[in-house]
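Please look over the protein shown below before reading on. The questions after it are meant for a student who is starting to read structures.

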Amino acid sequence: MSTPVAKKAKVEDLPLCPYGSKCYRKNPAHFKECSHSDPIAKVITTDTDKTLPVCPFGATCYRKNLLHFAQYTHPFDLLNPDVDSSDEEDEEEKNHRSDKSKTVINEGKKRKLEIEKEEDDDGDKTEEYDSDDETVYDVKLEKTFSKMTDDEKRLMIERAFELKDKLQEKLKKTREEAENSKKEIEQLQSKITEGILLMEGETEVLKGTEVKYFELFPERNYKQGSAAEVHFRLAESQFYRLLSGYATAQVNKVEYVCNPILIDRFNKAREELKKKRGEQCSYPVLAFHGTAVKNIQPICEKGFKVPGQAGFQHATDNGFWGRGTYFSEYPNYSMSYIKGATKLLLCQILQGKIFQCTQLIDGADLQDGFDSHCSPDKKELIIFRSDYILPQYIVHYKINTGEFKYATSLATKEALKKKLAKIGKFYKKAVGTKDQKIFTGYKFAIIGQMIDTPLAMEALIKRFGGHVCKNTVPFGTIPMYTSLFVNGYPATVPFDAPTIIICSLAEYEATTSSTELQGYKNMGYQQFYREDFLYDSIIEGTIKTLSDYLHE
């Protein structure tokens, strides 16, 4: 029988460093005082262990996140030092190694307890692991890994992989649902943008060349997905949204116009504009156009006429902001062109690159490098190409006198009354202001008695670049080509068309309108302004917002 080999005292007899071969210290004296060889441990491996990297902390790992154990393996036998050792080892060797393993375990547990204590101080509380709950992807274990049995560890890792797979499946499903939802939204947006919200029988109409008028009426019940409902509400809301001065107007019918030829021409023009100016400039705008009732059907069937086309002419003037076809998003602007009528055209128009006028350009052609014009306040839109216009709705409305009129608040009335009582002071201050051309391009008509004589008012307006129209009723002796009427008589030229009509408060509030005021109303003028607009603009050196001075 051979004699056992003596153990190397200089290594085996040294106390074992708690960090073993992972020790981070660099002091040479420390390596002389402690052994840094890891104890020989029989590690039990599983199928999972063979495919996972080993955790740097091994059996003393302090982490509690379940997914961490699905990504790393941890040596089990360091936590079970009592496992049977080899028959070739004597009892003393086994006990010696067991003691060293216990030392490693105790040091690891000590470190783990310190970390757990710190976590408890921070207020973290662990939760009981429930393998059937899919929401516990970041579950914290009540039983730390170092206290588990081998079976518990294997079960935990299996459950971790199951949850990981479920999470990936759920994520994939969510992404697919999001993608499908995105496609549906894009398709709906495309339909709305292209006008593909079809009425019953509209598909057949679009295949032919005949114009079809779909009559739409207001309904109390909301029918989701109804094309008729959507078309009516779209036209109705556009009418009310920017309505001013006609608070009592009420939409009672809408005709949806389906003209296959004009629709095709409009869509081609839009695609052309999109390539030329980009997508943002190709979106149409819904705008109103006022015209005589007899013109509505020809326009819907043959389209608008624009400068350069046979038969084109302006109904009232040569076009203050250019010689094109005029539209407005504000229905009251269009209403002023239709005496006695109760129908407006609501059209899709393509503006493209817009030239914003800063002064009157009476009868001017389209500015180079632009696709359309607009007035200084952007309320009048001027289009120069017929294929940039698609008549889509005929809006029927009526005026309900005295109904739904919102009165000016008492506080506002009192403030305005006090201001007008001191109008003389504002006038004197305006007269004393240094001359500057703030009214250049504007033509004024004065109705009623102002704070000073008509000659003095005219002189003041001219000092600041404006022009005063001197019209009388009837306006001249030569009949006008516009076929407009004033008090039942043909309007005559020369007629100097004003852009802003200043009316005295007494004249505007009189029970019976004067001949001059009624004459302008009959010619389609519907907005009249207070005289303090002139004085405030002169004093501040800039044109004030007209709507703030509108007579109500």
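What follows is a set of questions and answers about this model.

This is a predicted model in which local features need pLDDT of at least 70 and side-chain atom pairs count only at pLDDT 80 or more, while totals for chains, interfaces and linings use all residues. Residues are numbered from 1 along each chain as its sequence is written, and side-chain values use heavy atoms, with hydrogens and water left out.

Q: What is the order of the strands in the open sheet of 3 strands?
A: Helices (H or I, at least four residues) and strands (E, at least two) are DSSP runs numbered from the N terminus, and two strands pair if DSSP finds at least two bridges between them. Strand S10 (residues 443-447) pairs with S11 in the parallel sense over 2 bridges, and valine 468 in S11 is the bridge partner of phenylalanine 444. The edge strands, each pairing on one side only, are S11 (467-468) and S16 (500-503). With parallel pairing, the order is S11-S10-S16.

Q: Why is strand S9 described as largely enclosed by the rest of the structure?
A: Strand S9 (residues 389-399) pairs in the antiparallel sense over 7 bridges with strand S2 (residues 249-258), and S9 also pairs in the antiparallel sense over 7 bridges with strand S5 (residues 343-349). Buried means under 20% relative accessible area, exposed means over 50%, and partly exposed lies in between (1.4 Å probe, protein chains only). Strand S9 is largely enclosed because the number of its 11 residues that are buried is 9.

Q: How many residues does the largest nonpolar core have?
A: A nonpolar core is a set of buried Ala, Val, Leu, Ile, Met, Phe, Trp, Tyr and Cys residues joined through side-chain atoms within 4.5 Å. Among the residues with the most contacts inside the largest core are Phe239, Ile389 and Val395. A second, separate core of 22 residues includes Tyr427, Ala430, Tyr442 and Ile500. The largest core has 49 residues.

Q: Which residues of helix H13 are exposed on the other side from the buried ones?
A: In helix H13 (residues 423-431), the buried residues are Ile423, Tyr427 and Ala430. They cover an arc of only 65° around the axis (taken from the directions from the helix axis to the C-beta atoms), which puts them on the same side of H13. The exposed residues on the other side are Lys425, Lys428 and Lys429.

Q: How many residues apart in sequence are the parts tied together by phenylalanine 355 and phenylalanine 370?
A: Rings of Phe, Tyr and Trp (its six-membered ring) pair if their centres lie within 6.5 Å, and planes under 30 degrees apart count as stacked, over 60 as edge-to-face and the rest as tilted. A search of the whole structure finds 13 aromatic pairs, and the one between phenylalanine 355 and phenylalanine 370 is edge-to-face, at 5.3 Å centre to centre with 70° between the planes. Phenylalanine 355 lies in strand S6 (residues 354-356) and phenylalanine 370 in the loop between S6 and strand S7 (372-374), so the parts tied together are 15 residues apart.

Q: Which residue has its charged end over the ring of phenylalanine 370?
A: A charge sits over a ring if NZ of Lys or CZ of Arg is within 6 Å of the ring centre and within 35 degrees of the ring normal. Phenylalanine 370 is partly exposed, with a relative accessible area of 23%. The charged end over its ring, 5.0 Å from the centre, belongs to lysine 353.
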